[in-house]
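Please open the structure in a viewer and keep the selection tool at hand. The stops below say what to select and what is there.

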Amino acid sequence: MFKLLVLSCLLAFALPSLAEDSDGDGVGDLIGITQQLPYLKEIGITATWLSPIFTSPMADFGYDVADLKGIDPIFGTMEDFEALLARAKELDIKIILDFVPNHTSDECDWFIRSAAGEEEYKDFYVWHTGKVVNGIRQPPTNWLSVFRGSMWTWNEQRQAYYLHQFHAKQPDLNYRNPKVVEAMKDVLRFWLRKGAYGFRIDAVPHVYEIPADADGNWPDEPRNEAVSDPEDYTYLQHIYTTDQPETLELVYAFRDVIEEIDAELGGDDRVLLTEAYSPLEVLMQYYGNGTHLGSQIPFNFELLAKISYSSDAYHYSELIHNWLDNMPEGQVANWVFGNHDQSRIGSRLGADRIDACNMIIMGLPGVSVTYQGEEMGMTDVWISWEDTVDPQACQSNEQEFERLTRDPVRTPFQWSDEVNAGFSNASITWLPVASNYKLVNVKRERGIALSHLNVYKQLRALRDEPTLKQGDVSVTAIGPNVLAFKRSLAGYKSYITLININDDVESINLDSVFTSITTQLQYVVVNDKSVRRKK
């Protein structure tokens with residue numbers, strides 16, 4: 001059974017930015033992470049997920065993996081990773097790796113052999129010779145890449161197109177070949193035996209496409225009439241290239257590997273976290289189907305993807321209930337307000353809602369997920385077209401890049417008011433440091449009683465209370481401006497969280513909202529906007 005109490009607070013690392021840069025190249029590394037693990041312990045993190053650390057040409061910052069069992073030199077060595085695991089074990093912090101099943105780099109040995117037509121590897125990727133129209137060879141379908149343009153790129157050596165749902169340097173693996181499934185399961189075993197606690201599985205909905213017909217062809221995807229740019233991913237409705245039913249079966253197969261290694265090595269249960277922006281009814285199947293176990297943590301992006309600046313308390317309540325009310329019995333919820341692909345809380349929802357969002361993810365039952373820097377209120381950093389490095393933006397143009405770029409949310413972590421926010425002594429960091437780093441940094445906020453960081457730490461400490469670990473929850477909107485939820489457990493104190501989403505002062509009669517309210521109420525966590533103070 002999944003041990004919720006072991007993994008209650010998860011922090012997501014974007015490795016190039018959070019770890020200190022130990023070697024002065026402007027990029028975070030494994031030694032830097034190891035040096036800063038005590039900070040994670042300080043803020044109560046029980047597990048941390050690292051962005052990809054594997055050998056890569058870095059066309060997409062490590063999500064284009066060339067050697068699935070190697071460490072990229074930019075981040076360190078295998079010995080550095082082993083030292084990280086050892087230090088994390090001392091601090092009782094679990095290390096979770098980023099697993100990229102959909103594709104490899106085109107510099108991966110598998111792809112090189114596949115392009116050469118070697119028998120063992122020729123069907124490791126998705127290939128097609130294309131179609132000839134008016135004497136001109138064209139891609140086999142109209143499918144569009146997430147990174148713009150055709151999903152198909154011609155390979156001269158193979159004399160065929162290969163499929164890539166993302167960058168052209170990220171060819172898609174062919175999971176309809178059982179050898180690919182077994183090869184990737186072996187990668188999971190390798191890292192689990194090294195000591196990784198589990199995996200965040202990247203871009204899961206893209207792993208399968210609809211099966212080819214008897215002639216080896218696929219249908220075109222229908223238009224999305226709301227979008228006029230024919231190069232944009234959203235120009236099509238991706239009914240044939242995402243959320244195919246076989247995807248769930250693959251997740252269940254990966255969970256079998258987790259169970260296998262749990263039995264082999266013992267200790268705490270290892271975990272799978274699946275990244276999918278999919279319909280709710282699909283996401284619930286990621287947990288399992290009653291016969292097969294699935295992901296213990298299918299990422300809950302309801303709040304991240306659907307809450308906007310104009311959302312009212314009713315909307316917050318509805319989205320929270322969406323997950324709690326539909327989750328299979330016996331499973332564990334998770335709560336996410338930020339990640340490495342979306343604008344930061346303070347920029348997306350307003351700086352005055354940073355503490356409120358942290359109160360929500362920390363106060364609700366289940367696993368709370370924090371993206372690096374959200375605990376202290378980092379905000380997006382404007383990055384010019386000239387400084388943009390995100391391939392999703394770089395493959396667009398100077399007029400479109402700001403809509404597509406993910407660089408503003410990935411900037412270096414702000415440790416202190418020293419040069420480069422204490423992140424690196426390099427003259428140039430891999431992305432520019434925020435201009436406000438002298439005001440927003442760990443060192444300064446440690447000394448301010450009601451800083452975002454200290455409010456976060458208080459919320460985390462409160463999660464050790466039995467009521468917050470095991471108690472029931474009641475969630476409601478009190479009018480359009482106030483979200484309220486109560487955690488209760490027989491024999492223990494109850495906790496009520498009240499969040500004013502907007503600016504006006506609100507007066508609430510709690511007796512009209514929750515039953516069995518004592519007259520002896522005590523404030524345990526407030527932020528600097530509250531007129532109340534802890535007693």
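## First stop: R410 and its partners

Select R410 and D341: these two side chains form a salt bridge, with the closest N and O atoms 2.8 Å apart. A salt bridge here is a side-chain nitrogen of Lys or Arg within 4 Å of a carboxyl oxygen of Asp or Glu. R410 lies in the loop between α13 and α14, and D341 in the loop between β14 (334-336) and α10 (345-348), so the pair ties together parts that are 69 residues apart in sequence. Helices (H or I, at least four residues) and strands (E, at least two) are DSSP runs, numbered from the N terminus.

This is a predicted model, in which local features need pLDDT of at least 70 and side-chain atom pairs count only at pLDDT 80 or more, while totals for chains, interfaces and linings use all residues. Residues are numbered from 1 along each chain as its sequence is written, and side-chain values use heavy atoms, with hydrogens and water left out.

Is R410 buried or exposed? R410 counts as buried at 7% relative accessibility, whereas D341 is partly exposed at 21%. Buried means under 20% relative accessible area, exposed over 50%, and partly exposed in between (1.4 Å probe, protein chains only).

How many salt bridges does a search of the whole structure find? The search finds 36.

Select E275 and R200, whose side chains meet in a salt bridge (3.1 Å, N to O). E275 is in the loop between β12 (271-274) and α7 (280-286) and R200 is in strand β11 (residues 198-201), so this pair joins parts 75 residues apart in sequence. E275 is buried, with a relative accessible area of 7%, and R200 is buried at 1%.

Next select K179 and E120, a salt bridge of 3.3 Å, N to O. The pair links distant parts of the chain, 59 residues apart: K179 is in helix α5 and E120 in the loop between α4 (109-115) and β6 (127-128). K179 is partly exposed at 42% relative accessibility, and E120 is partly exposed at 41%.

The contact (heavy atoms within 4.5 Å) takes 33 residues from domain 1 and 20 residues from domain 2.

The two domains bury about 2,200 Å² between them, 62% of it on carbon and sulfur atoms. Buried area is the accessible area (1.4 Å probe) that two parts lose on being put together, summed over both. Select W218, E231 and Y233: they supply 26% of the area that domain 1 buries against domain 2, more than any other three residues.

Three salt bridges are counted between the domains. To see a salt bridge at 3.0 Å between the closest N and O atoms, select D229 and R148. On the side of domain 1 that touches domain 2, the elements giving two or more residues are α5 (178-194), α12 (391-394) and α13 (401-404). The largest share of that side, four residues, comes from α5.

Select N177, in the loop between β10 (160-163) and α5. N177 is buried, with a relative accessible area of 12%. Not counting residues up to four places away in sequence, N177 touches D123 and F124.

Move to F61, in the loop between β3 (54-55) and β4 (67-71). F61 has a positive phi of about 50° although it is not a glycine, and F61 is buried at 18% relative accessibility. A421, in the loop between α13 and α14 (442-446), also is not a glycine and has a positive phi of about 60°. The relative accessible area of A421 is 0%, which is buried.

## Last stop: helix α15 and the cysteines

Select residues 452-462, helix α15, where eight of the eleven residues are buried. Among them are L453, V455, Y456 and L459.

Finally, select C108 and C357. C108 is buried at 2% relative accessible area, and C357 is buried at 1%. How many disulfides does a search of the whole structure find? The search finds zero, a disulfide being a pair of cysteine sulfur atoms within 2.5 Å.
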